[in-house]
Amino acid sequence: MLGMTEYTTYEKMRCADREAKMRRGHYKRLIEFKRMEPAKAEYQISVMNAIADEYHAQWKAEGAVEPTEQEKSDKWGLW
């Protein structure tokens, strides 16, 4: 696709980790307010954890190189 940004495995891994963490907090509140069933929340969190796990495995297979501090600061607070 024209103009599509390519992201590193590390960036995708960190994003999936953050998303799983956000879901745990957000879905907990939805369950408390009876806006989501616990089973659905568990399923959605489990799927996101599986995605994060795949990126962790891929990142390790690629050599697990941490980005430099400069690379981290260049990503608008992504880290």
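How much accessible surface does the protein have, and what percentage of it belongs to carbon and sulfur atoms? The accessible surface comes to about 6400 Å², and 56% of that belongs to carbon and sulfur atoms. Accessible areas here come from the Shrake-Rupley method with a 1.4 Å probe, and for residues only the protein chains shown count as cover.

Before going further, a word on what you're looking at. This is a predicted model, in which local features need pLDDT of at least 70, side-chain atom pairs count only at pLDDT 80 or more, and totals for chains, interfaces and linings use all residues. Residues are numbered from 1 along each chain as its sequence is written, and side-chain values use heavy atoms, with hydrogens and water left out.

The pLDDT is the predictor's confidence in each residue, from 0 to 100. For this protein the average is 88, and 86% of the residues score at least 70. Confidence is highest in α2, at a mean of 97, and lowest in α3, at 71. Where pLDDT is low, the predicted coordinates should not be read in detail.

On to the layout. Helices (H or I, at least four residues) and strands (E, at least two) are DSSP runs, numbered from the N terminus. Among contacts (heavy atoms within 4.5 Å) between residues at least 6 apart in sequence, 61% join residues at least 24 apart.

What about the inside? Buried residues make up 19% of the 79 residues. Buried means under 20% relative accessible area, exposed means over 50%, and partly exposed is in between (1.4 Å probe, protein chains only). Here are some residues with their values:

| Residue | Relative accessible area | Class |
|---|---|---|
| Tyr-10 | 7% | buried |
| Trp-59 | 12% | buried |
| Arg-23 | 15% | buried |
| Ala-64 | 33% | partly exposed |
| Tyr-43 | 53% | exposed |
| Lys-34 | 76% | exposed |

Now for the rings. The structure holds one aromatic pair. Tyr-10 and Trp-59 form this pair, which is tilted, with 5.1 Å centre to centre and 50° between the planes. It links distant parts of the chain, with Tyr-10 in helix α1 and Trp-59 in helix α2, 49 residues apart. For the cut-offs, rings of Phe, Tyr and Trp (its six-membered ring) pair if their centres lie within 6.5 Å; planes under 30 degrees apart count as stacked, over 60 as edge-to-face and the rest as tilted.

Arg-23 is found in helix α1. Leaving aside its neighbours within four places in sequence, Arg-23 is in contact with Lys-28, Gln-44, Ile-45 and Met-48.

On the surface, Tyr-43, Val-47 and Ile-51 form a nonpolar patch with about 260 Å² of accessible area together. Of these, Tyr-43 is found in helix α2. Patches are made of residues with over 30% relative accessible area and no salt bridge, with like charges joined within 9 Å and nonpolar side chains (Val, Leu, Ile, Met, Phe, Trp, Tyr) within 5 Å. A salt bridge, in turn, is a side-chain nitrogen of Lys or Arg within 4 Å of a carboxyl oxygen of Asp or Glu.

Finally, the loops. Lys-34 sits in the loop between α1 (9–32) and α2 (38–61), and has a positive phi of about 60° although it is not a glycine. Ala-64 is in the loop between α2 and α3 (69–73); this residue is not a glycine either, yet has a positive phi of about 45°.
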